[in-house]
Amino acid sequence: MILTPTMTGLSSPEPLQHAFKVKSAPHAGRTGSRPFNAGPQLWEQWWQQPTSADKRALYIHIPFCRKRCSFCNFFENGAKPERISDYMQSLCEQLNSAAMSPLAQSQPFDTVYVGGGTPTDIKAEEIAALGKAIQQFPLINNAEITLEGRLNGFDDDKWHSALDNGFNRFSFGVQSFDTAVRQAAGRFDDKDTLMARLQQLSQHPSASIVIDLIFGLPGQTMEIWQQDIQAAMECGSHGIDLYQLIGLAGNRIEKAKDKGKVLGPQASDYQADSQTRANMYAYGANKLETQQWQRLSSCHWRRDNRERSIYNSLAKSGIEILPFGAGGGGSIHGHGLMNARNLSEWQQAHTAHKEISEKESLKTPTQVPAMVLTPNPSAAFDAVFKRGLDSGTLAFSAIETSLINHLLPLFKAWQHHGLATLSESNLSLTLAGRFWNVNMQTGLFEYLSSNPYNKTEAA
Ligand SMILES: C[S@@+](CC[C@H](N)C(=O)[O-])C[C@H]1O[C@@H](n2cnc3c(N)ncnc32)[C@H](O)[C@@H]1O
Ligand code: SF4
């Protein structure tokens with residue numbers, strides 16, 4: 001049996017701070033898939049064929065931002081209004097034709113996520129057109145429909161247009177409430193403006209308002225983080241995400257770091273180290289939970305049942321997600337699908353398809369340039385572990401006993417290292433385990449590739 005510290009974590013009296021050296025990646029995963037050439041005929045066939053999925057979602061990507069925030073790697077295209085309106089027009093045409101296809105019509109969608117980039121930067125009338133295009137798809141009763149973005153520029157016209165056209169969940173990046181920290185990170189508003197707007201929007205009787213906070217930003221001390229958590233609980237939002245800053249190469253913070261600089265507020269070269277970030281996570285999680293916020297995953301909490309977080313939870317279960325827009329990712333009939341990011345390629349494919357489909361009255365949505373992958377044979381298997389570890393509890397009822405026995409050396413090592421507790425019915429992550437859960441997921445997949453599980457041998 002091969003067990004390495006990257007799988008098990010290290011033995012330490014302080015597992016929260018020292019079980020692993022650094023968060024390995026934003027998400028864990030392995031793929032047994034290979035690129036696959038889906039020609040136009042197969043594409044056509046896929047859209048004529050009903051789904052076999054029992055849960056499904058739409059993901060719609062809006063790849064524009066007004067500013068490149070210092071911490072972020074999601075910036076793709078500058079938000080020029082003309083460029084956005086051409087894109088939105090083509091996107092809505094694609095959605096309207098896809099919605100009529102036998103594939104889309106064969107089973108209702110549980111949830112829709114409009115992400116980016118900054119979808120809240122599109123105009124009120126574009127939000128309305130997008131909402132209407134989404135309503136062309138069969139949706140379950142009270143389907144969760146999320147619009148992601150930022151508060152700056154999201155005025156009353158946009159808010160009402162979104163509500164009137166079916167959006168019922170809003171996910172806003174706040175990052176930090178602290179005026180100096182957030183503005184140094186490239187954010188526009190000050191704390192008072194944010195608080196006032198969030199308190200106002202949260203008054204809505206049914207829409208769910210969710211905010212993202214990051215810990216580990218330049219200039220964000222533990223004291224500022226404590227004030228961030230306090231403000232998050234007071235701003236009226238129904239859901240809160242706490243993300244540890246991930247230092248991915250290419251963003252402005254990392255580029256400054258390469259030159260020996262911290263991109264913080266003036267006169268501050270402070271940036272929390274890994275141990276302080278662990279303490280920040282513990283502070284936020286404990287504070288929210290003692291104030292009766294319910295933990296839905298290792299990084300997401302809700303005030304009450306209004307916040308459902310259906311998209312995030314189903315996406316981790318490996319359901320079918322039909323992706324739209326340049327840079328959107330998802331799956332179709334079990335094949336991974338990643339739309340190309342290049343806007344002009346995306347636009348050209350759309351225009352060419354439109355001309356042909358008008359001539360030949362095709363009913364298939366545009367096949368935009370995309371990477372298609374063969375089905376991942378271990379997708380369903382992996383999803384059980386990803387979702388379980390992310391939620392903080394891996395229930396054994398959903399896993400074969402021989403597989404649990406196969407994994408037991410790893411589970412025992414995690415228990416020994418203070419990352420989890422084992423019982424007959426489940427593996428439950430400690431606070432330290434929840435902080436390091438992505439490393440644990442990565443470790444579990446590494447364990448399975450070094451110690452392959454053979455069901456027949458185990459039996
Ligand atoms: C796709 S971004 C969209 C956010 C939105 N455009 C905005 O301006 O707030 C979603 C979230 O990812 C998180 N995020 C972005 N870069 C991150 C990083 N380097 N580390 C951790 N979280 C990050 C932020 O909290 C952000 O709100
Ligand atoms: S945080 Fe939002 S606005 Fe800023 S670069 Fe990332 S996606 Fe764009």
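## Helix 3 and what covers it

The buried residues of helix 3 are covered by elements that include helix 4 (81-99), helix 5 (102-105), strand 11 (320-324), strand 12 (329-332), strand 13 (335-339) and strand 14 (370-372), where contact means heavy atoms within 4.5 Å and buried means under 20% relative accessible area, with exposed over 50% and partly exposed in between (1.4 Å probe, protein chains only). Helices (H or I, at least four residues) and strands (E, at least two) are DSSP runs numbered from the N terminus.

Within helix 3 (residues 40-48), the buried residues are Trp-43, Trp-46 and Trp-47. Because they fall within an arc of 95° when seen down the helix axis, they line one face of the helix; the arc is that of the directions from the helix axis to the C-beta atoms.

## Basis of the model

In this predicted model, local features need pLDDT of at least 70 and side-chain atom pairs count only at pLDDT 80 or more, whereas totals for chains, interfaces and linings use all residues. Residues are numbered from 1 along each chain as its sequence is written, chains are lettered from A and ligands numbered from 1 in the order in which they are written, and side-chain values use heavy atoms, with hydrogens and water left out.

## Two domains

The domain assignment gives domain 1 (5-29 + 378-458) and domain 2 (40-316), with bounds that come from an automatic or database domain assignment. Their C-alpha centres lie 28 Å apart, and 17 residues of domain 1 are in contact with 20 residues of domain 2.

About 1600 Å² is buried between domain 1 and domain 2, 57% of it from carbon and sulfur atoms; this is the accessible area (1.4 Å probe) that two parts lose on being put together, summed over both. On the domain 1 side, Asp-390, Arg-434 and Phe-435 lose the most area to domain 2, together 36% of what that side buries.

## Two buried residues

Ile-319 is found in the loop between helix 13 (310-316) and strand 11, and counts as buried at 15% relative accessibility. Although Ile-319 and Lys-55 are 264 residues apart in sequence, their C-alpha atoms are 5.9 Å apart in space.

Gln-175 lies in strand 6 (residues 169-175) and is buried, with a relative accessible area of 8%. Leaving out residues up to four places away in sequence, Gln-175 touches Phe-71, Arg-187, Asp-212, Leu-213, Ile-214, Leu-217 and Gln-220.

## Around ligand 2

The residues around ligand 2 include Phe-71 and Arg-187, along with Cys-65, Cys-69 and Cys-72, a residue being near if one of its heavy atoms lies within 4 Å.
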